[in-house]
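Hello,

Here is the structure I promised to pass on. Have a look at it first, and then read on for my notes.

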Amino acid sequence: MSTRYWLAVVSRDHVRRGVELGFTQANHGKRAAVERMSAGDGLVYYSPRTGMREGEPIKSFTALGTIAEGPAWQVEEAGGCFRPWRRAVDYDRDARQVPIDDLRTELDLTSVPNWGIVLRRGLVELTAHDFELISRAMVGQ
């Protein structure tokens, strides 16, 4: 099986929590989203804003990692009303926030009209080219 690359659209506040705790969840915790990922796949986050519904617009790539070994699991959040599915991620702690505008002219993702609509899916498969370009910008390699 070949490596795949994923872009998850998540507010920066939620990204930071996932990085701190070493997990990812996508599409509001739906199982199907994290089940598409496999160990060794690359993951990058794009955050339109600092907060989920409010907060400063940042339109930036905010975290970078690799899906870790192990299956998806379900957790019960506060009060039992929210039961998201998650996958373990090995995050690159040296990755820095990079505005999408810095890379827009070079990305396959943004080469089509109305590319922003694609981001509304919440989890988008990236090309290897885009993942490498974003990774280099975030970690300087």
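Which pattern does the chain follow, read along the sequence? In this predicted model, the order is β-α-β-α-β-β-β-β-β-α-β-α, and the secondary structure comes to four helices and eight strands.

On overall form, the chain has a radius of gyration of 14 Å, which agrees with the value near 14 Å that a compact globule of 141 residues would have. The C-alpha trace spans about 45 × 40 × 30 Å along its principal axes. Of contacts between residues at least 6 apart in sequence, 68% join residues at least 24 apart.

The accessible surface of the chain is about 8,000 Å², and carbon and sulfur atoms account for 47% of that. You will find 19 positive and 19 negative side chains, with the centres of the two sets 6 Å apart.

The element I looked at in detail is helix α4, residues 128-139. Its 12 residues reach 16 Å from the first C-alpha to the last, close to the 16 Å expected at 1.5 Å a residue. Buried in α4 are D130, F131, L133, I134, S135, A137 and M138. What do the buried residues of α4 pack against? Their partners are β1 (5-9), β3 (42-49), β4 (57-67), β7 (98-99) and β8 (123-126). Just after the helix, G140 takes a positive phi of about 70 degrees.

Key
Residues numbered from 1 in each chain as written. Predicted model: local features only at pLDDT ≥ 70, side-chain atom pairs only at ≥ 80, totals over all residues. Heavy atoms only, no water. Helix = DSSP H or I, 4+ residues; strand = E, 2+ residues; numbered from the N terminus. Rg over C-alpha atoms; globule rule 2.2 N^0.38 Å. Contact = heavy atoms within 4.5 Å. Areas by Shrake-Rupley, 256 points an atom, 1.4 Å probe, with all protein chains shown as cover. Lys, Arg positive; Asp, Glu negative; His and termini not counted. Charge placed at Lys NZ, Arg CZ, Asp CG, Glu CD. Expected span 1.5 Å × (residues − 1). Buried < 20%, exposed > 50% of the residue type's maximum accessible area, 1.4 Å probe, protein only.
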